[in-house]
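Student: I am new to this structure. Could you help me read its features, step by step?

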Amino acid sequence: MDHFLYRGGQLMAEDVAISEIVAETGTPVYVYSAATLLRHLKLFEDALDGLPHLVCFAVKSLGNVAVLKLLGEAGAGMDIVSGGEYARARAAGVPGERIVFSGVGKTREEMRMALEGGIRQFNVESEPELHALSDVASSLGKAAPITIRVNPDVDAKTHAKIATGKSENKFGIPIARARDVYAMAAKLPGIEVIGVDVHIGSQLTELAPFEAAFTKVAELTESLRADGHDIRRLDLGGGLGIPYERINEAPPLPFDYGALIRRTVGHLGCEIEIEPGRLVAGNAGLLVSRVTYAKSGEGRDFLILDAAMNDLVRPSMYDAHHDIIPVAEPEAGVETKPWDIVGPVCETGDTFARERELPPVAEGDFVAFRSAGAYGAVMASEYNARPLVPEVLVSGDQFAVIRRRPSYEEMIARDSIPEWL
Ligand SMILES: *Cc1c(COP(=O)(O)O)cnc(C)c1O
């Protein structure tokens, strides 16, 4: 459920008309609903109620500092994958003890930054990384709390580019080798082993892969405890999918995911961490765009928008589907017709949808991409020298621009011309 509904003949974000926002910001623009973000966070809080837990929002899915502050003040921790994301979480006021550091290629500089600034734990993904962290922490006279990310060799049944839990993926340590690596970790200076971490992929639409992975983690936890490790925290990653196509998709609910966590690892008495990104942010955001031209081709009609693949790359990168709806509410029962919906960028890949049925739309009309809150603005670029797409946060009847569109002068000022040129 989200807070983007038609009211009085137009699309609203909570109590603000989208038309009012675009009159101020222009298009394209991302619009987020604070109530939806908080509601999704609470679904996970409720799902784990009674278990000691921390919900760590995956910053990589939507990293705007205002959004992080909103979620952080509601009690969320943060899952970060870079020094930049660490800095963002801290700028949003999230304390280090609520930040977990994931990622397959943390540099020594990033490790130092987190150790000096405060960090809840590192989720270590390889033996070389473990040695590097041991060096950095020892040189600072600190002990780095760690989990080791195990790769459970489970098929997440999702898009190949976002599956991370098969043995051929680059992530984590093969679960069969985990006991050896834990034994080595326990002997290293500057390392404090506290838990186990797993994350098998994103946009999972079934619970079975989670069940397989968490069951393996539970078995591993028992073995590690038998080996003498004090395993007291389990980080179960993110990955729960959302319905991108409203009419025919019904992925599992956070409540059932929570029940699965209780069933598979609840008996171990560990503190549970989860790292949802997409489910919190995805349906809490729209990308609003304007129709630049409606162009008739040979047997195909193209709707050319002012948004492009550089603003929302998911359709061209993952073949992802986004529902696209007019901002002015269509009349009930009105006839639809198929459009190829594209952006202005000079790539054939700059295609959002093919033969998509839409109610009547004309040049100058506004349309909204639904489910664009996660992996939308964060993946945007300035390709074709298009200004980075701005972001707006709505809460009730108020809205604020939380990242403004840069001017051409600002974009050009980032380049510098050498004296000898
Ligand atoms: C991407 C990622 C997440 C978030 O995944 P979602 O599918 O957005 O919930 C969580 N943890 C790790 C380690 C990740 O890489």
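Student: How many nonpolar, polar and charged residues are in the lining of the largest pocket?

Tutor: Rolling a probe the size of a water molecule over the atoms shows where empty space is left. Here the lining has ten nonpolar, eleven polar and nine charged residues. Among the 30 lining residues, Lys60, Val81, Thr164, Phe171 and His199 lie nearest the centre of the largest pocket. About 550 Å³ of space lies within this pocket. This is a predicted model, where local features need pLDDT of at least 70 and side-chain atom pairs count only at pLDDT 80 or more, while totals for chains, interfaces and linings use all residues. Residues are numbered from 1 along each chain as its sequence is written, and side-chain values use heavy atoms, leaving out hydrogens and water.

Student: Which residue forms a salt bridge with Glu273?

Tutor: Side chains of opposite charge can pair when their charged atoms come close. A salt bridge is a side-chain nitrogen of Lys or Arg within 4 Å of a carboxyl oxygen of Asp or Glu. Arg120 pairs with Glu273, their closest N and O atoms being 2.6 Å apart. Arg120 lies in the loop between H5 and E8 and Glu273 in strand E13, so this pair ties together parts 153 residues apart in sequence. Helices (H or I, at least four residues) and strands (E, at least two) are DSSP runs, numbered from the N terminus.

Student: Are Arg120 and Glu273 buried or exposed?

Tutor: Buried means under 20% relative accessible area, exposed over 50%, and partly exposed in between (1.4 Å probe, protein chains only). Both Arg120 and Glu273 are buried.

Note on methods
On a 1 Å grid over the protein atoms alone, a cavity is a set of points where a 1.4 Å probe fits but cannot get out, and a pocket is an open set with protein on both sides within 12 Å along at least five of seven lines; lining residues have an atom within 4 Å of a point. Grid points are joined across faces, edges and corners, and a volume is the space filled by probe spheres set on the points. Ala, Val, Leu, Ile, Met, Phe, Trp, Tyr, Cys and Pro count as nonpolar, Asp, Glu, Lys and Arg as charged, and the others, Gly among them, as polar.
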